[in-house]
Amino acid sequence: MTSVTFIGTANPGFAPYAMEELRRRFPGSSVSGLSGETFRFSPGVSDTEEWLKEIRRDEPVFLRHLFPLDAEVPLTDDPGSTADAIVAYARTLADKVNGRKVAVQVRKAVNSPFPFTSAEARDIAAGVVREAGGEPVLQDADWIVSLYASPKTLLFGCSEPRNNLSDWPGGAIRFRREEGLLSRAAFKLLEAERAFRLPLDRFNNALDLGAAPGGWSSVLLDRGLKVTAVDPAEMDPSLKGHPRLHHLKKNAAELSFPPGTFDLLVCDMSWDPHRTCRLVSALSPALSAGGSGIITLKLMYRKPFQTLRELTEAYSEHFDVRRVKQLFHNREEVTMWVRRKP
Ligand SMILES: C[S@@+](CC[C@H](N)C(=O)[O-])C[C@H]1O[C@@H](n2cnc3c(N)ncnc32)[C@H](O)[C@@H]1O
């Protein structure tokens with residue numbers, strides 16, 4: 001595989017940071033904005049497979065999704081020529097898709113003249129996939145065919161799901177509104193569980209700092225954990241009396257617990273991240289050695305790289321910092337996974 005160009009996507013407002021992060025990490029690369037949260041990126045390496053391995057091993061914080069750019073054609077609002085372009089690209093994939101499961105993912109920039117809905121364009125490409133002996137699917141695909149309609153061009157790519165960093169279109173992962181889900185915040189924990197490959201049901205006893213109204217607590221209870229929820233605010237009435245939930249209606253800074261009480265600490269306090277770090281670090285003895293922490297870090301100062309460097313250093317005193325990632329459900333924040341040092 002020779003050096004290719006990728007189409008990258010970040011959270012709204014964070015594309016400049018995703019681009020800067022890639023520029024810093026891969027000095028020979030070139031990056032340029034495409035539209036909104038989407039950009040072009042050439043790593044400038046001769047071995048793209050190796051580069052992808054490295055990206056998967058140590059995912060950039062702000063890069064949510066990427067796909068390799070195979071073809072690019074000018075875009076107009078004419079349905080006939082646009083459908084022809086989609087069909088022509090899909091036909092180039094005939095050998096690849098034969099006998100395989102194929103997801104077609106279509107996205108368009110808000111200011112793109114693209115004349116189809118995503119579903120219509122997907123159906124056009126899926127028809128060609130079917131003709132070529134492939135099976136169009138929505139999830140668990142062998143190949144993902146990506147189509148991005150920018151303001152001026154139509155960009156196409158085809159890749160294995162793992163090389164897109166996410167098998168959701170543009171990394172926009174959606175969870176079903178599970179019954180009993182108490183707040184949107186719960187999606188952050190569900191997404192962290194998947195992104196960090198950290199099944200929450202492996203833990204037994206969780207400390208949830210800044211727990212109200214109880215979205216994260218309810219996910220943990222749902223996974224069978226015992227939960228100590230700390231928040232001066234009220235928890236949702238539906239959680240009252242839950243046999244595995246203990247609500248301490250207090251400021252987390254006032255608390256201490258016997259060493260090794262918990263094997264999981266989660267913290268979503270939406271507070272100054274440096275103060276949160278001091279608070280979590282002070283409570284770190286309550287977490288058993290090797291126990292995990294999932295912590296939301298608010299990016300308040302418009303200097304995310306400096307903030308993340310400082311916080312990584314500060315957390316490293318008591319924890320191994322395993323991953324820091326801006327999840328799709330994070331807004332002006334990122335999520336960190338740490339493990340308590342022995
Ligand atoms: C974004 S909400 C948490 C949402 C929660 N994770 C959920 O899923 O429902 C932030 C919470 O942190 C709490 N909080 C802020 N500072 C705190 C502190 N020092 N100690 C305990 N809770 C705190 C607030 O009262 C608020 O309820």
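Start by selecting what covers the buried residues of helix α3 in this predicted model: the cover includes β5 (71-74), α4 (94-97), α5 (118-131), β8 (143-149) and β9 (153-159). Helices (H or I, at least four residues) and strands (E, at least two) are DSSP runs, numbered from the N terminus, and contact means heavy atoms within 4.5 Å.

Next, select α3 itself, residues 79-91, whose 13 residues reach 18 Å from the first C-alpha to the last, close to the 18 Å expected at 1.5 Å a residue; the expected span is 1.5 Å times one less than the number of residues. Colour T82, A83, A85, I86, Y89 and A90, which are the buried residues of α3, where buried means under 20% relative accessible area, exposed over 50%, and partly exposed in between (1.4 Å probe, protein chains only). Seen down the axis of α3, these buried residues fall within an arc of 155°, so they line one face of the helix; the arc is that of the directions from the helix axis to the C-beta atoms. An α-helix has 3.6 residues a turn, so residues three or four places apart point the same way. Turn to the other side of α3, and D84 and R91 are exposed there.

Now centre the view on T82, which lies in helix α3 and is buried, with a relative accessible area of 3%. Leaving aside residues up to four places away in sequence, T82 touches L75, T76, F114, P115, F116 and L154.

Zoom out to the whole protein, which has 9 helices and 16 strands, and select domain 1 (6-171) and domain 2 (185-340) in turn, with bounds that come from an automatic or database domain assignment. Their centres, taken over C-alpha atoms, are separated by 33 Å, and where the two domains meet, 15 residues of domain 1 are in contact with 16 residues of domain 2.

With everything displayed, the C-alpha trace spans about 65 × 45 × 35 Å along its principal axes. Buried residues make up 53% of the 342 residues, and among the contacts with a separation of 6 or more, 69% are accounted for by residues 24 or more positions apart.

Residues are numbered from 1 along each chain as its sequence is written, and side-chain values use heavy atoms, with hydrogens and water left out. Because the model is predicted, local features need pLDDT of at least 70 and side-chain atom pairs count only at pLDDT 80 or more, whereas totals for chains, interfaces and linings use all residues.
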